[in-house]
Amino acid sequence: MKRVFPILLLTLLFGTAGSAQKVITGVVKGEKGSPVPGATISLRGSTNHAIADNKGQFSLQTYAPFPLTLGVTSIGFAPKEVIVTEENQNSVEVILTVDNRQLNEVSVTARRRNEKIQSVPIAISVVRGGAIEDAGAFNVNRVKELIPTVQLYSSNPRNTTLNIRGLGSTFGLTNDGIDPGVGFYLDGVYYARPAATMFDFVDVEQIEVLRGPQGTLFGKNTTAGALNITTRKPSFTPGGTAEVSFGNYGYIQAKASITGPIAKNLAGKISFSGTQRDGTLYNVSSLKYVNDLNNIGGRAQLLFTPSEKVSITLIGDAARQRPEGYAQVIAGVVKTQRADYRQFENIIADLKYQLPSRNPFDRLIDHNTTWRSGNDQGGVSLNVDAKIGNGTLTATSAWRYWNWDPSNDRDFTGLAVLSLSQATSKHQQWSQEVRYAGNFSSKLSGVIGAFVIGQDLKTDPYHVEESGDAQWRFSQSTTSELWKTPGLLDGYGIRTTSRLQTLSAAVFGQLDWAITDRLHVLPGLRYNYDDKKVDFNRKTYGGLETTDPALLALKALVYSDQVFNVNTDDTNFSGQLTVSFKANNNINTYATFATSYKPVGLNLGGLPTASGKPMLELAEIKPEYVQHYEVGIKTTPSASSTLNLAVYNTDIRDYQTQVQSAELGVNRGYLANAEKVQVRGAELDGNIRFSNNFSLFGAVAYTDGKYKSFKNAPVPLEETGGPSAFKDISGSRLPGISKWTASLGGEASTGGKFLGQGGRFFIALDGYYRSEFSSSPSPSLYLNVDGYVLLNGRLGFRAAKGISVFVWGRNLLDKDYFEQLLVAAGNAGHYAAVLGDPRTYGVTLRYALSSGN
């Protein structure tokens, strides 16, 4: 040690003498010369860094020899590297350019290759992961407030409707035998069950919303549009993020992600998300708050790059939800055309029952059946991208599962009317897609692919509906005293076992022919094959054991046995033709004609009866055929702004719709065809960044949807019990469509320091408006949801690396509003509501190890 210490001391002295301390000073400015406070200036290869002050000036001390490389970053600007020499060490000037990735520089993969969004001749909206996280939009239901053309309605995860421009899936309660018209894709994998939209996002990079038919670009046919979601990929640079949020109603959300190299050419990533929140409805019967949040999910990814031309990604994910949730509160009572003794008010009076409140926004229920929504999904996928020639060959293989374990109180009261309502199900799917996208010549590019998906959906072990001791009064349809027979319907119910097996296959392609640099013609074609098989068996059980024909006849009026089998297959050609013309580099116009197709639908919720027998002709409904016309213009008025307009008309023949029946045995409704439907509208959206301190976005949509012809539709609730169970509603409006929807938001920010790190202080607001809409498949005088406005906001400090902190609030005006209205089983006259969340607020802390995560 006596020898080592002098050597170390001499080395330190001579080393210091040879590398004298240097002070690097300079200023960071924007393109217009204004300072960029809070910019981070880092010395490459070192942890040494400095933060620009309010005048954009910085000072950095170092012993490193010249020349030096500085990395300069600031949120809202493109990162930049500068070389520092001995000559300019005291006068370094860094000019940062605004990062317009939120505007016209956004890259999308809608056409299976990376393109600037303004160059794609499709009506498309993009929400990037950072905006999603900052807005607290942790699932699709929250994202719809940022994109007015997206509609999502959910009375529980299974009964979820995801629509674009008012089209896609049946409105209201879900029938498992119908295909969705909006494709939901996550990292290239198609998710067949609508419940997937209710799970929390995990580490999302961006969401692309494509409007209109997209069957020539995507594996599964999409008649109304597609949500194309991508997550952040593993990185060979170590990094990670961690985030935790706290809010009122006991809200806690935690997210974490870590990535980095595992071995040569192999990187990994693990991401996690968990959400907890207390309920917003109070059950005065159980003395508990319900409709809580209880979500957890995770994803693991491996990225293998054996060469520069091949990339292989293996992804596994699992998520579960265990809320005591999705209870609905009675929103009103309608007088039907039934006899007085069959009116809801007289029924509950005879049973000596009162509702806990007549105001739904008191948020009080007294339900005597537990609400349970056990919702699980997961799977594994393998994606291979190989650069071949002037394009990329992609193969995506996937297997997924969905398990559903619910319990509902479908009479919405504290009476034992429906003691059980449980549609326990299991679903598995496997899919394979292979496609090639690239340039075939100097004038011709495009995508061609093949897709196949198999699905198996079955009851687990059965779906059950069971009556309680108050059912007799709600089902009473005559004045016979026999209805009062003790125990007649108590415990009387139906158990349904069913299995739906489907196989869908397609070949598809779309070309982009550049006739000139500005004029492009884009034809597309799709061939579909669909095979569906269903076995349906429903048996009655329980109730009073009797051989009395009169009592048996009363029981049969409530529930009856049903058995049917359907095996069907079909083929279809569909396609599209788009002409795109770029008037100049800032104006891109397009016109599209497309046809599309939704395959045969099979009823899995029970069939209505006629003369005591099931209407077997409704077991299978016709395919849906779509003709779509659209013109649009995409403009880039400046480097920091966009303004786009789309006008469209969609005509549908044999529109597949879900209709409500007064029969208790089909209380989830059944499928039917409306002869003709038309939806037309216009959409205007834009973004602008006025400076590096202020940005604004907005969108407005006008949508007009109507039944052009629906001559045999079920009557609305108030006409139940009239001379006919069906009516002609031709010319009436479609449910779930607001004529006007809009979103508007903006952010103001300024650079600065917080906890010794550079970043930006910001304040952001966004608002969402929708006009009133019908919440009944057959238009009703009563089941209409009033229009409403929601205002959300955030305030805090955001850093690309290090700690970010902000407070947030949703529904800041505490607006009471309905998301959906639902008729109670049996059409006694009362209807329930899915309530929008009250005002929520909280704080979020986020830590990033690197800006690339």
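Visitor: Okay, where is the place of Pro67?
Guide: Pro67 sits in the loop between strand S4 (57-62) and S5. Keep in mind that we're looking at a predicted model.

Visitor: What kind of peptide bond joins Phe66 and Pro67?
Guide: A cis one, with omega at about -5°. A cis bond also joins Asp460 and Pro461, where omega is about -10°. Pro461 is part of strand S29 (residues 444-467).

Visitor: Let's zoom out. How many helices and strands does the chain have?
Guide: Six helices and 52 strands.

Visitor: How does the radius of gyration of the chain agree with a compact globule?
Guide: For 853 residues, a compact globule would come out near 29 Å, and the chain has 30 Å, so the two agree. The C-alpha atoms fill a box of roughly 110 × 65 × 50 Å along the principal axes.

Visitor: What share of the residues is buried?
Guide: Buried residues make up 57% of the 853 in the chain.

Visitor: What about contacts between residues at least 24 apart?
Guide: Take the contacts between residues at least 6 apart in sequence: 69% of them join residues at least 24 apart.

Visitor: What pLDDT does the chain average?
Guide: The average is 89, and 94% of the residues score at least 70. Over residues 1-18, though, pLDDT stays under 50, and the model has three contacts beyond four places in sequence for that stretch.

Visitor: New topic: helices. Which residues of helix H6 are buried?
Guide: In H6, which runs over residues 549-558, they are Leu551, Leu554, Lys555 and Val558. These residues cover an arc of only 100° around the axis, so they end up on the same side of H6.

Visitor: What do the buried residues of H6 pack against?
Guide: They pack against helix H5 (471-475). On the other side of H6, Pro549 and Leu557 are exposed.

Visitor: Which residue caps the N-terminal end of H6?
Guide: That's Asp548, with a side-chain oxygen 2.9 Å from the backbone nitrogen of Ala550.

Visitor: Now Asp837. Where is that one found?
Guide: Asp837 is in the loop between strand S51 (830-835) and strand S52 (840-848). With a relative accessible area of 24%, Asp837 is partly exposed.

Visitor: Which residues is Asp837 in contact with?
Guide: Leaving out neighbours within four places in sequence, they are Arg142, Arg277, Arg363, Asn811, Lys815 and Tyr817. The side chains of Asp837 and Arg277 are joined by a polar contact of 3.1 Å.

Visitor: You mentioned Arg363. What is its phi?
Guide: Arg363 has a positive phi of about 60°, although it is not a glycine. Arg363 lies in the loop between helix H4 (344-350) and strand S25 (364-365). At 10% relative accessibility, Arg363 counts as buried.

Visitor: And what is phi near for Asp814?
Guide: Phi of Asp814 is near 55°, again a positive value in a residue other than glycine. Asp814 is in the loop between S49 and S50 and is partly exposed at 32% relative accessible area.

Visitor: What about Leu813, buried or exposed?
Guide: Leu813 is exposed, with a relative accessible area of 57%. Leaving aside neighbours within four places in sequence, Leu813 is in contact with Leu791 and Arg839.

Visitor: Last one: which side chain does Arg499 make a polar contact with?
Guide: With the side chain of Asp456, at 2.6 Å. Arg499 is found in strand S30 (residues 493-514) and counts as partly exposed at 35% relative accessibility.

How values were computed
Residues are numbered from 1 along each chain as its sequence is written. This is a predicted model: local features need pLDDT of at least 70, side-chain atom pairs count only at pLDDT 80 or more; totals for chains, interfaces and linings use all residues. Side-chain values use heavy atoms; hydrogens and water are left out. Buried means under 20% relative accessible area, exposed over 50%, partly exposed in between (1.4 Å probe, protein chains only). Helices (H or I, at least four residues) and strands (E, at least two) are DSSP runs, numbered from the N terminus. The arc is that of the directions from the helix axis to the C-beta atoms. Contact means heavy atoms within 4.5 Å. A polar contact is a pair of N or O atoms within 3.5 Å; within protein, one must be able to donate a hydrogen and the other to accept it, and residues adjacent in sequence count only if both atoms are side-chain atoms. pLDDT is the predictor's confidence in each residue, from 0 to 100. The radius of gyration is taken over C-alpha atoms; the globule rule is 2.2 Å times the number of residues to the power 0.38.
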